[in-house]
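I opened this notebook to record what I looked up in one chain, going from the overall picture to single residues.

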Amino acid sequence: AFMPAPRDVRASLDAAQSRRRWRARRMQALRGWEARREARARAIEEAADRAEATRASNAPRSARRPARRWSRQLCLHEWLVSLPASMAHRWKVAPRPVGPRCVLVSRRAHHVDLYDMRDRHLGTFRARLPERTVLDVVLCAEGADRNDAEGSEGPRAWLCDVLCWHGRVLLDCTASLRHFWLESRMEECRLDADATRALDVPSRPCDQHDVAELRLATLPWTHADVLGVQTALERAQDGLVFVHVESRYEPGMRTPLVLRWKDEGCSPYAKDTDANGMDADACVVVLRVDERGNVRADGTKTNVLAVVDEPSKWCPGRMREEAMDEGERRGTSMRNKAKEALVRFVVHELVWKEGQVVQAKLEPIEKAGKGRKRADDMTKVIFQYNLRHDPITRHQLLEASAQVEVEEEWSEDEMCMEPENSLDGKSDTSQSSPGDSTSDATLGREGTHVPGALYSP
């Protein structure tokens, strides 16, 4: 066989080695060029983001993009100042746990974020909920819920209502449908969790050691009849919540179809006090004071409760005319000046009718804290005043829930009976039916209360 000379073999080996070295240097140069190109593109993007942030910060407030405020997604309630009609069939009741009201947002599966009423992020937790889910919850700290079993660890979120479930918006649905939807879907999540635990399927390998687990429980909604109200009173920790069965969820709006009630027997925070621990017998409320000294409650523009003597003392800054004059001198706009302030008042006397204050004697104490974003609404002012003078008791709640059942029975009997004086097809309207004799007793707190014979504790 032909054997090449040693010189030729050495030359071919040197040529192959030089080619390999050339390819390695070329690949290294290409990788360095790509890295420099990516770094240059990243620097351009960061410079564009900084320029955009600078333009946004220098832009006027009206042109800036508003931040996402989850507190505006919650529906605001009113307070029970008069007993509603048809309480047993048209209203639902649930015991309210102790804790702040929050918004639970699930942006990805098995991870949820909590935001309070001040738009503060309370943390990220692990929970078996689908993504794109928004719930109205009450957060109970560890050990704050007396219904917790021994050995339970971690916070608990009581699910009050559902706004969106897995991308499906439920705002226009009735309260009955939303509560049924929430209970059924949570039961499916529990069954899924039990099946996963029984099959010993490992969970997603996420950072579970850094994220705490959030226990979820649905609020026990029942019809506001005698049994439902009694059960809710036994389990109440911070009063009761009433909701109309046909009410829609209105984000950011205060609705009279969601009511709260509490007393000293079922809530440790029945009477509101100030930060200094002022006497609970004095009714302390937070109201709005404008630049002219008019005192109003939250959500009202026409009903002026009182007028303070020195509005410049309570309203931040100076009067509007002085602020505008200073703005004209400096050549700047003073439109963003705060024109209202939140001030704490002591209510000495209050006269109200049909949910509106007719006469009030108020005494200003101090400005509210910076963390306070809203004033008290009219129903809370009336409720806190009545809680110290003429409150709605448990007995009256049970009487109202029992009276509806009796009225329903009488109405069915009257539908089966023929009128006695019906000679020409007309009934005698001078004789009142048993249902009409008690109709005035359930409509308001100003009228006569329901007689005690309808319910005997």
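**Whole chain**

I began with burial, and of the 457 residues of the chain, 40% count as buried. I note here that the model is predicted. For the secondary structure I listed nine helices and 18 strands. I then looked up the contacts with a separation of 6 or more, and residues 24 or more positions apart account for 70% of them. The accessible surface of the chain comes to about 28100 Å², and carbon and sulfur atoms make up 50% of that area.

**Nonpolar cores**

Next I asked which residues of the largest nonpolar core touch the most other members. This core has 46 residues, and those with the most such neighbours are L240, F242, W261, L287, F345, L362 and L397. Helix α7, residues 378-389, supplies the largest share of this core, with six residues. As general background, I recalled that nonpolar side chains tend to be buried together in soluble globular proteins.

I then followed F345, leaving aside its neighbours within four places in sequence. F345 is in contact with C283, V284, V285, L287, V289 and V295, and also with V308, L362, E363, P364 and I365.

**A five-stranded sheet**

I traced an open sheet of five strands in the order β1-β13-β12-β2-β11, and the pairing in this sheet is mixed. β1 and β11 (222-223) stand at the edges with a single partner strand each, so one side of each has no neighbour in the sheet.

Going through the pairs, I found that strand β1 (residues 76-79) and strand β13 (residues 254-261) run parallel and are joined by three bridges, with E78 standing opposite L259 in β13. Strand β12 (residues 240-244) runs antiparallel to β13 and is joined to β13 by four bridges; here V243 stands opposite V258.

**Cysteines**

How many disulfides does the structure hold? I found zero.

Finally I turned to the backbone, where S86, although not a glycine, has a positive phi of about 50°. S86 sits in the loop between β1 and α2 (87-90), and its relative accessibility of 24% makes S86 partly exposed.

D119 is likewise a residue other than glycine with a positive phi, near 65°. I placed D119 in the loop between β4 (111-116) and β5 (121-126), and with a relative accessible area of 31% D119 is partly exposed. For both residues I kept in mind that partly exposed covers the range between the buried limit of 20% and the exposed limit of 50%.

Methods:
Residues are numbered from 1 along each chain as its sequence is written. This is a predicted model: local features need pLDDT of at least 70, side-chain atom pairs count only at pLDDT 80 or more; totals for chains, interfaces and linings use all residues. Side-chain values use heavy atoms; hydrogens and water are left out. A nonpolar core is a set of buried Ala, Val, Leu, Ile, Met, Phe, Trp, Tyr and Cys residues joined through side-chain atoms within 4.5 Å. Buried means under 20% relative accessible area, exposed over 50%, partly exposed in between (1.4 Å probe, protein chains only). Helices (H or I, at least four residues) and strands (E, at least two) are DSSP runs, numbered from the N terminus. Contact means heavy atoms within 4.5 Å. Two strands pair if DSSP finds at least two bridges between them. A disulfide is a pair of cysteine sulfur atoms within 2.5 Å. Accessible areas come from the Shrake-Rupley method with a 1.4 Å probe; for residues, only the protein chains shown count as cover.
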